[in-house]
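Try each task before you read its solution.

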Amino acid sequence: MTQLLIRGGRRLQGSVEISGAKNAAVAILPAALLVDGECRIENIPQISDVTLLLESMADMGAEVRTVNRTTMDIGCRDLPYREPGPAMGEIRASYYFIGALLGRFGKARVPMPGGCDIGVRPIDQHLKGMRAMGAEVTVESGFVRAEARNGRLHGANIYLDVVSVGATMNIMLAAALAKGKTVIENAAREPHIVDLANFLNAMGADVRGAGTSVIRILGTDKLHGGTYTIIPDQIEAGTYLAATAAAGGDVLVKNVIPKHLFSITAKLEEMGAEIIDLGDAVRIRTEGPLRTANVKTMPYPGFPTDMQPQIVTCLSLAGGTSVVTEDVWDNRFKYVSELAKMGAKIQVDGKTAVIEGVKKLSGATVKACDLRAGAAMVIAGLAAEGVTRITEIHHIQRGYEEMVEKLQGLGADIREEEVQEESESGRSLA
Ligand code: EPZ
């Protein structure tokens, strides 16, 4: 078993390069299945969710070739209909195969999606959209089965009852090759929604309004190949900014779109960090203790839920009381009990956490409960006095490319450590 070992208390110094956006990549890669040709996709993050998706796409008949570390060619000309394997049930983004296969072949059978355990994660809005476009959809024995009644989906007006990133993108995928016009009302507006629209349009689709709450997609008969570069990861950038705020330091976060980070940088400024917007980079400097702030997570352009555990960790070191409300997921404070092992004082009541800032955190053995909770443990470890060990780091590897190397580049004392697994009786397992 691999765990992370961090000797905390060092200021972070230097620069860090942000990778391509995970939540854009996990939709854009399945979108390549819609294309009757070859896509060159650049700035793909090297994370385990992406590896799993690419393996699955290769099994489904896509020709997947590595051009360089972050660029892949994906050929889907004359793609046969094949279903993704059961391994896809492990990741959330497998639901994008429903939209992509249904769009291209008029049918799909896909394992129900997994992903981080952060609350009930229904996909009713995805399925409602596909039904409105003429698909028969059933969920049986852990699989979603969908079939267009006339062999091809048709356009429809779809109102989303909740602002859902996944439903917005999945309906966009399904609609790109549908007959006629689809309108998504109350659509999500995240940067990765715009990125998916830009990808589809670069391949010949007609998607308008992405980034607003009404998206219009005029279906086309065929998509052609092309080249596309994925946007930088807003949450990865925010995580390094938060790490610098918590541990102290002076860091240049490179290859970012500062506008996408605004809700995060504004909050860090409120907490006393100095933020300098350099166009395609953001510099953060922090001196002295952080100030308190209240945070409420919301869909974009609100404060992202995927930064909630990281900002709570920063606030656990602020001078006073802060209140953080989680308004997207109903169970995203599970990591708080891990932070408490390091001395954080946080009371959770339903969707609200009341954080009493402490002067210092102290190293402990904690687990990464999920991807962003894992990032929060890393931030806590960097800021804490003493040694922190983080277990279950596969969660972190799902969404952060080379986090250890990037933090080492900023002067952090962090490394991976192989340990023998212990059985319940305390004996090592071979
Ligand atoms: C995406 O999940 C991200 N995952 C999540 O990131 C992120 O937290 C979330 O968007 C919100 O930004 C991927 O992109 C793979 P939603 P998604 O549909 O699409 C409710 C991370 O750490 N809802 O926007 O699954 C739902 O319960 C991960 O990178 C329905 O009720 O999220 C939630 O309360 C974790 N019915 C809210 O909407 C539906 O059909 C938002 O969910 C769909 C969603």
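Strands (E, at least two residues) and helices (H or I, at least four) are DSSP runs, numbered from the N terminus, and two strands pair if DSSP finds at least two bridges between them. This is a predicted model, where local features need pLDDT of at least 70, side-chain atom pairs count only at pLDDT 80 or more, and totals for chains, interfaces and linings use all residues. Residues are numbered from 1 along each chain as its sequence is written, and side-chain values use heavy atoms, leaving out hydrogens and water.

**Exercise 1.** Find the bridge partner of I346 in β20.

Solution. Start with the strands: β19 (residues 345-349) and β20 (residues 352-356) run antiparallel, joined by five bridges. Then look at the turn: two residues lie between the strands, and G350 has a positive phi near 60 degrees.

**Exercise 2.** Decide whether T297 is buried or exposed, and find what its side chain reaches.

Solution. First locate T297 in the loop between β17 (295-296) and α9 (308-315). Its relative accessibility is 0%, so T297 counts as buried (buried is under 20% relative accessible area, exposed over 50%, partly exposed in between, with a 1.4 Å probe and protein chains only). Next, the T297 side chain reaches the backbone nitrogen of D327 at 2.8 Å.

**Exercise 3.** List residues that T297 touches beyond four places away in sequence.

Solution. Taking contact as heavy atoms within 4.5 Å, T297 touches residues including F303, P304, T325 and V328. D327 is also one of those touched.

Key
A polar contact is a pair of N or O atoms within 3.5 Å; within protein, one must be able to donate a hydrogen and the other to accept it, and residues adjacent in sequence count only if both atoms are side-chain atoms.
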